[in-house]
Amino acid sequence: LLREELKRYMTNPHLCESDRTIYIGHKEPPPGAEAYIPQRYPDNRIVSSKYTFWNFIPKNLFEQFRRIANFYFLVIFLVQLIIDTPTSPVTSGLPLFFVITVTAIKQGYEDWLRHKADCSINECPVDVVQQGKVVRTQSHKLRVGDVVMVREDETFPCDLIFLSSSRHDGTCYVTTASLDGESSHKTYYAVPDTMAFTTEQEVDSLHATIECEQPQPDLYKFVGRINIYKDREEPVARPLGAENLLLRGATLKNTQHIYGTVAIYTGMETKMALNYQSKSQKRSAVEKSMNAFLIVYLCILISKAVINTVLKYAWQWSPDRDEPWYNHRTEIERQRHVVIRAFTDFLAFMVLFNYIIPVSMYVTVEMQKFLGSYFIAWDEEMFDEELGEGAQVNTSDLNEELGQVEYVFTDKTGTLTENNMEFIECCVDAKYILTCHNFRQEHEDLFFRALCLCHTVQVKEEETVDGIKRGIHQGRPTSFYISSSPDEVALVEGMKRLGYTYLRLKDSYMEILNKDDEIERFELLHVLNFDSVRRRMSVIVKSSSGEYLLFCKGADSSIFPRVVSGKVEQVKARVEQNAVEGLRTLCVAYRRLSPSEYEEACHLLTKAKLALQDREQRLAQAYDIIERDFVLLGATAVEDRLQEKAADTIESLHKAGMKVWVLTGDKMETAAATCYASKLFRRSTQILELTKKRTEEQSLHDVLFELSRTVLRQRSISGLSVDCLDFGLIIDGATLSAILKPNQEGSGNYREIFLEICRNCSAVLCCRMAPLQKAQVVKLIKASKEHPITLAIGDGANDVSMILEAHVGIGIMGKEGRQAARNSDYAIPKFKHLKKMLLVHGHYYYIRIAELVQYFFYKNVCFIFPQFLYQFFCGFSQQPLYDTAYLTLYNISFTSLPILLYSLVEQHVTMETLKREPSLYRDIAKNSLLRWPVFLYWTCLGVFDAVVFFFGAYFLFDNTTFTSNGQMFGNWTFGTLVFTVLVFTVTLKLALDTHHWTWINHFVIWGSLLFYVIFSLLWGGIIWPFLNYQRMYYVFMQMLSSGPAWLSIILLITVSLLPDVIKKVLCRAICPTATERAQVRTLTPAQEQT
Amino acid sequence: IAAMMASSYNAKEEDGHHSSGSSHGGAGAVKSKKPDNTAFKQQRLPAWQPILTAGTVLPAFFVIGLIFIPIGIGLYVTSNNIKEFEIDYTGAEVSSPCFNCAKNFSWNSTTSCNCSVPFTLEQPFESNVFMYYGLSNFYQNHRRYVKSRDDSQLNGDRSSLKNPSKECEPYRTSDGLPIAPCGAIANSLFNDTLELYYIHSNGSSTAIPLVKKGIAWWTDKHVKFRNPGGSNNNLTAAFQGTTKPVNWRKPVYELDPSDSDNNGFINEDFIVWMRTAALPTFRKLYRIIQKKPNMTPTLPSGKYLLEVTYNYPVHSFDGRKRMILSTISWMGGKNPFLGIAYITVGSVCFFLGVVLLIIHHKYDNRNNSADIPN
């Protein structure tokens, strides 16, 4: 028994205490085995929603009041309820209630959408084997230990252990495109003891347990063990590895069905789900500066209240001021302790000035974001006819962030490219062959055979009535090729177009249908597999005539040095030209082997393959010996078609000052070719390589320092020269993790050097990246000292982590799954739509919200500062300057609609200009409209205007009358005069800022002024029942009946607007920004026409 | 008037539904997802796109300058033509005739203290002359004071008469009876009596007739303020069950026994007082001296005597009491501020116009030349 135990642990030494044991089919192991401990696992439900029906109200309220602004307003409201304050609790309670309700409705709606999306996944049908029968159930009902049947082209509903397949060899093909972006087919292997099962009854009879580690996010790592109980024997233990584990999200391909697989990890514990990062609330840079401004205003507010409280007590030191005979306190108040009184006064001042922090700003911002995001979804230019879908907005919180992007991280496959390889051309010797034509040269013949034979493509037969052979004979598309490399498929298909059809591999004979419709048979003797070090592959075949031939195809760099004859120069030139065009090139060569040479090669290979030690190395040596003395045949070019306008988009992004990084799981050569094709790298770009290959030669340290020296030297030179050389960096996953490895001493140093290099590169390509590594890269850049705004765009599930990590995540609605689109903040059909999304929508949203934020602070300074000044003239008694109705409605209705509309429809420059001149995007980079100087300008403008309003009215009222009948006005007329000037100034200020006057703008701006006048007339026109004061009765009308009041209103408005107009005009005249020039340019031709 | 802003009517094509025909062939499901091609949804509404440039703002500045300066001059001249006379009768100084009254003031005294203040008008006052009393350092705009009133009581509401608002504390009840009118404002009603005498050259004096109607807002007198009991003439009965404010000498229904239309809550002196002033130094309209039908000035130049019944103490809070005589123009009393402000702003605008003209010439050329190579 002890030996048995030992053996178990030998089979898998990694197992430890925190493993899970799974009972296949929920069957208990036979007695004598370990005790049956039922473990609890989550069900297979994917949950991305935040709330349930029950916890919505408390959880949402809690989350909302966690926002400092909401909490602040709640406190103000409570203070108003408790103490005697100058304004009634309604003035702050009503807006707060409004804000909370609107936000709750919006969040509830968004969560409901998430619920719906989750539901559609959780309820998709799954086949489960129960009691020897296949039962159809819903995905979320799957439990750990269930045996599942998956059919071809179905997606695995959870992480499964592969038990048996419909294929006899116990393998199945799987594409993990939506997981890691690799669209190639991967082979997985069934557990050897169970691979013979073919029916559900057999599967059901299986009695086994699986022990495996607890869930962890690494997609490529899995260790486990299966114990199979047979009758009364000791259980048989087999090791399980990553090749037995089918991951959720992957799709079964080219295999009819796989029977009897067992669920290991379910629901949120699947590797796919673990690879999602927890959704954290993303906050935009604008929101951050908004909060910073808020804190400044809070400080201003508190200091105002403190100053006034102190002054109040200093002023009323003498009792005759404190309590003159005409104005006594109540007895209760008099008995209150002075400290309590002072504190109450402080709170009362806070309440009086609390409007300086605009509660309605949050509502307006929320509404602007929510409503504004519809313009993205409505945009017809971002609608894709093929897909039948337009852009999608999943979070509206980040609209303006689209205008602030500095780094774009893009996936390659499916994002930049169509993920669709196509054979473009081949050249034999020096001739280019694009289409089928007659050729009878020996080399050409050999070239086409080489391409037909030198590959690892499998033929997948569609079951048709006609049968396999006929199908291919008649050229019907009833069969197709599959391979782990899409290039090979493209090549073989290309050959088919040129007349040479690869039929199949049968009993180690490869059959080719040649141009003359004859079947040629070659015996496949050896395959020298592809590896990324050699970057080539070869086959050794024996032709029907008994000749031994070695065909080799591979990257130009690995073929040319081994070529002894052939038109090397011409082919080389062609290959280089193709590579520049972004095509993926391969060179083809051959070598005739004499029987003795073949014998020798055979011997070498067999010896190497049988070696127990250093097998890899020996094989490599053998390959090296065999693959030499080639005769060059020609080269091929395959294209992974770039998405439409991908290059144009990247160029625009570059011009807009963004740095574009390509993060891909793909191999370096392919990725680099795409980068060239998409103009990410230009011909003039100097490529810096930071790859495993290089770090193996030199130490990482040396490579890094060398590169940084190169970059820095260039920078110091380019300071003088005009056309500076730009750099492109290529880095692979292994090197990146070495750089980021934290445990080395001086690793922070590496990180810094790496960042420094990246900063000086206009484009960076990261290849061989794992999904989480992509997120790491994004995180690294995010955390660098400039804190740039990042955007990640991708289409597959492997991009989800970076989409979630980046400030803005954009999903492409790809062919493979909607994982990315669902987890993104915005989803677009094609990469090209990114241009409009950022350059037009992003730009607009940013300037709109920037104006919105600044304007809100400005108008509230204008609003509250006169009230502050008034305290100096009313004995610091917290007397409000304005009537309660004005206090409440100022932000809610008098001045809210124009700015909301502005923030929805403003277009300072036309859409066409923005698209034509991407560099305008630089004008708003780095949050330029919300920086401190700009904020200070707006605040000063607000203070200036407030001083103008207040003292204008003060001097008008100063100890005189301005009616023609000698009657006097009181304090409410004073306030109303200030307020009228205020409303008009603030609205007209916005009108001056509006560059895009549609009829709606006219309607809203003039309409809201009119509304103010009508409201005031009405409010003062009636003795309002149920109100305990009538202080506004006829105040507004009496004021308007006085000529000087009109004159002073006009004067004060003019004076208030004057500085801003002058500033605008001077700035435009003396140092116009690019945007302002563009405005003038679009204006001038129109003027000339008229 | 020149256009204020440069404008270009951006004649964007009203896309309407031009291209919708092309998508008709597509599947129904696809079509439904396609966004509507309307000008609004595509953000292509036709719009006026003004830009504030030096060239376009220039004319506006000149226009503002040209309009504002004449207005300012007009206002300034009007204000200067207004005659105003002001005399302080607080009695804070020993030399002042009202010094004794101010010094010996006591709330409990039953006899009133009188003093007469002589003054001379250098120039005659034409047309209607308005007589104001002015108070300084009196915080009518103090919050505790402003809110200390009950508007529904003043509007004649019976329940409020008997049960005044809590806001009136501590002037809400007195000896268990509700105060009418309640509150601090009413309680501190200005109760000096001012009379004006013209001293003839022979030493005799004639009283100048002072009109006490038309000093309050019409709407206040006729709508906002109403006596309880409506048109019932018996005010004494209407106010039964209430008591007078603590500082008053007589109840509210005896404010003007001679004129039932000016008694009780609708007493104009009372209404004027109830409109709280905006600033601590203020004046309130007291009486109107009507223009005489013949050509003689309303108040000829010469010596006058102001007879004051000194009831109102201001000494405790360093207050000042004044009597003001003023003529009124269409723009009200004497206030040079508006005229000066208009002239200043007009001149500044004109000056800025000139500056902008220079800048416009200098930089516009530079910008244009810079644009050409592009």
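This is a predicted model: local features need pLDDT of at least 70, side-chain atom pairs count only at pLDDT 80 or more; totals for chains, interfaces and linings use all residues.
Which side chains does a polar contact of 3.1 Å join? They are the side chains of E323(A) and R334(A).

E323(A) sits in the loop of chain A between α9 (319-322) and α10 (331-335). Its relative accessible area is 18%. Because buried means under 20%, E323(A) counts as buried. Its side chain also reaches the backbone nitrogen of R329(A), at 2.9 Å. Apart from neighbours within four places in sequence, E323(A) is in contact with H328(A), R329(A), R334(A) and R144(B).

The size of an interface is often given as the accessible area lost when the parts come together. Between chain A and chain B about 8,900 Å² is buried, and carbon and sulfur atoms give 61% of that area. In chain A, the residues that lose the most area to chain B are W325(A), Y326(A) and N959(A), together 10% of what that side buries. Counted by residues, 105 of chain A are in contact with 101 of chain B.

The two chains are also linked by 33 residue pairs in polar contact and by 5 salt bridges. K34(B) and E385(A) meet through their side chains in a salt bridge, with 2.6 Å from N to O. Helix α38 (residues 1043-1070) of chain A supplies 16 residues, the largest share of the side of chain A that touches chain B.

Chain B itself is divided into domain 1 (54-72 + 338-365) and domain 2 (86-328). The C-alpha centres of these two domains of chain B lie 48 Å apart.

How values were computed: Residues are numbered from 1 along each chain as its sequence is written. Chains are lettered from A and ligands numbered from 1 in the order in which they are written. Side-chain values use heavy atoms; hydrogens and water are left out. Helices (H or I, at least four residues) and strands (E, at least two) are DSSP runs, numbered from the N terminus. Buried means under 20% relative accessible area, exposed over 50%, partly exposed in between (1.4 Å probe, protein chains only). A polar contact is a pair of N or O atoms within 3.5 Å; within protein, one must be able to donate a hydrogen and the other to accept it, and residues adjacent in sequence count only if both atoms are side-chain atoms. Contact means heavy atoms within 4.5 Å. Domain bounds come from an automatic or database domain assignment. Buried area is the accessible area (1.4 Å probe) that two parts lose on being put together, summed over both. A salt bridge is a side-chain nitrogen of Lys or Arg within 4 Å of a carboxyl oxygen of Asp or Glu.
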